Amino acid sequence: MVQLTLGTQMQTKGAPLAVSAVTVYASGDFTNIGGQARNRIAALDVTTGLATPWNPNASSRVSALAVSGTTVYAGGQFTTIGGQTRNYIAALDATTGLATAWNPNANNHLYALAVSGTTVYASGDFTTIGGQTRNRIAALDATTGLASVGPRNANARGAGGGVTTLTVSGSTVYAGGQFTNIGGQTRNRIAALDATINTNNATAWNPNAGNEVTAIAVSGTTVYAVGGFTNIGGQVRNYIAALNATTGLATAWNPNAPTWGFALAVNGSTIYVGGDFTTIGGAAREYFAAFNLDSTPPTVLSHTLQTNNATGLSSFTVTFSESRRLTLLPMPHSPALPPLTLPSIKI
């Protein structure tokens, strides 16, 4: 598995969106990428696809990346990275690749990271992080690395228990995964957490997904979700849904995917979706589709993912802006995505 995160933002040029960035940050299980030996994390030149000298050299899988200014946050299964001992989470200098002094020191693996202002949100299998007891989800001070006010003690648990996706919108942290209890409340696989409350911070919002939620995106008063569910928000919704951000009920928007979705990003009036599908919304779309948010039923747009099959990369992240990224990576049960070669990613 390889995850790529663009270090700068994607800009609109005419009708399509095209990658406009100098560096792409990649993570996964690889030991060679971009023509160089790189252990599980690398920076790639977006023009040539070649690895830059940036080389944090992680000891094991890097599962999550988040870029904020001159810092690259990494989470995963590693215990050394950037020349230092760092247990499962680290902050790396975007110029040197060296680990900064920031060290929350989790006691188990991380799955997801999100940065909002001076707070880094993390989720995974840990029960301690940032010097405090935190069950699978935590808010960390971006300066000190200490666990801070936020979804602390959100205490995700239940069958599977994992929080595998995080999205921040204002003072609300949306969480998705396999959990059945979080923030002091029964919440099946999707929840909204009040980032200003220390404990028992699940809000009344409760879409009650019937199976795992793998990705969440927010646009205005609507929360979009994809995953393995066929029921969410009180309605039959196959693998993708739009939920009212106030009530948690499913809206009329319903692309009706035939199989799992695992990636979402909203940019303007368009939502981008990645998944195992080859058709969606009544149109042929292999693994990737775009919809107009303002139409019911959903209008499938002509945007396609342009790739050439050379490098065998199995996932990547497209950044539309600093706060909107689309990560395409196969779930354990999913086939690999079509191989990708940079800089051919265009939508």
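**Contacts, core and rings**

Modeller: Among contacts in the protein between residues at least 6 apart in sequence, 38% join residues at least 24 apart; contact here means heavy atoms within 4.5 Å. This is a predicted model, where local features need pLDDT of at least 70 and side-chain atom pairs count only at pLDDT 80 or more, while totals for chains, interfaces and linings use all residues. Residues are numbered from 1 along each chain as its sequence is written, and side-chain values use heavy atoms, with hydrogens and water left out.

Colleague: Thanks! How many helices and strands are there in the protein?

Modeller: Zero helices and 35 strands. Both are DSSP runs numbered from the N terminus: helices are H or I with at least four residues, strands are E with at least two.

Colleague: And what percentage of the residues count as buried?

Modeller: Of 347 residues, 54% are buried, meaning under 20% relative accessible area, with exposed over 50% and partly exposed in between (1.4 Å probe, protein chains only).

Colleague: Which residues have the most contacts inside the largest nonpolar core?

Modeller: Tyr224, Trp253, Leu264, Ile271, Val273 and Phe291, in a core of 21 residues. A nonpolar core is a set of buried Ala, Val, Leu, Ile, Met, Phe, Trp, Tyr and Cys residues joined through side-chain atoms within 4.5 Å. Strands S23 (213–219), S24 (222–227), S27 (240–244), S28 (261–267), S29 (270–275) and S32 (288–292) each give two or more residues to this core. Apart from it lies another core, of 17 residues, including Ala64, Ile89, Ala91 and Ile129.

Colleague: What does tyrosine 224 contact, leaving aside neighbours within four places in sequence?

Modeller: Its contacts include Ala215, Ala241, Trp253, Leu264, Ile271 and Leu293. Tyr224 also forms one aromatic cluster with Trp253 and Phe291.

Colleague: Switching to rings, how many aromatic pairs does a search of the whole structure find?

Modeller: Four. Rings of Phe, Tyr and Trp (its six-membered ring) pair if their centres lie within 6.5 Å; planes under 30 degrees apart are stacked, over 60 edge-to-face, and the rest tilted. Tyrosine 174 and tryptophan 205 are edge-to-face, because their ring centres are 5.2 Å apart and their planes at 75°.

Colleague: Are those two buried or exposed?

Modeller: Both tyrosine 174 and tryptophan 205 are buried. Tryptophan 253 and phenylalanine 291 are another edge-to-face pair, 5.8 Å centre to centre with 80° between the planes.

Colleague: Why does that pair tie together parts that are apart in sequence?

Modeller: Because tryptophan 253 lies in the loop between S27 and S28 while phenylalanine 291 is in strand S32, parts 38 residues apart in sequence.
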